[in-house]
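Keep the structure open as you read.

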Amino acid sequence: MRIRRESSLVMIVDLQSKLLPVIDGADQAVNEAAWLGALALDLEVPVWLTEQYPEGLGDSDPRLLEALSNARRWSKVHFGAHDDPVLARVLAECGRRQIILCGAEAHICVLQTALGLLEAGYEVYWLTEAIASRRREETRLAMARVTSAGAVAVSADMVAYEWLERCDGDRFKRAHRNFLKARSARPLRF
């Protein structure tokens, strides 16, 4: 199934300032989440940032807050964001059924969020280059588990081009100029 702009929501889980120093691949996860989030906002796709116990783990990374100033922020105590009843209700009300998911830690909060979303009937797209944990192997294990549960592993480029659908309009030209062209040579680790 293709990812549709009008059905999508980007959820960036717990890329927080006091957690990131111990996360393997944190810089890439933040950069890729910020890139796709900024493109999403430009294309009128909602972006949500969750923050696990911000009193202890800090706010979302400043790079995210700067790039995604129009994103909705959620403070949470549940590891799985969808377990928060207010977040779950607002998500259901907004009507977006395709959730592009990324963040940290892959094997804890991102995984539990994905599983909760899948249980509730959402399509979950696991944004591979923007998901990280303290140990790389736990990121791989989480992806194996979540894809076997029904999530789909994707790259940011896949999502971007599916949202854009075609290359002959002003939307594509603006996205190419502001987002796609600069990204094309950037190395990534999956």
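Two strands pair if DSSP finds at least two bridges between them. Helices (H or I, at least four residues) and strands (E, at least two) are DSSP runs, numbered from the N terminus. This is a predicted model: local features need pLDDT of at least 70, side-chain atom pairs count only at pLDDT 80 or more, and totals for chains, interfaces and linings use all residues. Residues are numbered from 1 along each chain as its sequence is written, and side-chain values use heavy atoms, with hydrogens and water left out.

Q: In β2, which residue is the bridge partner of Val 13?
A: Strands β1 and β2 (residues 47-52) pair in the parallel sense over four bridges. Val 13 has its bridge partner in β2, and that partner is Thr 50.

Q: Are the residues of β1 buried or exposed?
A: Buried means under 20% relative accessible area, exposed over 50%, partly exposed in between (1.4 Å probe, protein chains only). Ser 8, Val 10 and Ile 12 point one way from β1, and Leu 9, Met 11 and Val 13 point the other way. On both sides, all of these are buried.

Q: In β4, which residue is the bridge partner of Met 11?
A: β1 and β4 (residues 98-104) run parallel, joined by six bridges. In β4, Met 11 has as its bridge partner Leu 101.

Q: Which are the edge strands of the sheet?
A: Six strands form an open, parallel sheet in the order β3-β2-β1-β4-β5-β6. An edge strand here pairs on one side only. The edge strands are β3 (72-76) and β6 (152-154).

Q: Is α1 roughly parallel or roughly antiparallel to α7?
A: Axes are lines fitted to C-alpha atoms, for helices over the stretch in contact, with angles from 0 to 180 degrees between N-to-C directions. The axes of α1 and α7 (residues 156-164) come within 11 Å and cross at roughly 5°. Angles under 35 degrees count as roughly parallel, over 145 as roughly antiparallel, 65 to 115 as roughly perpendicular and the rest as oblique. So α1 and α7 are roughly parallel.

Q: Which residues of α7 make the contact with α1?
A: Contact means heavy atoms within 4.5 Å. From α1 come Glu 32, Trp 35, Leu 36, Leu 39 and Ala 40. From α7 come Ala 156, Asp 157, Val 159, Ala 160 and Trp 163.
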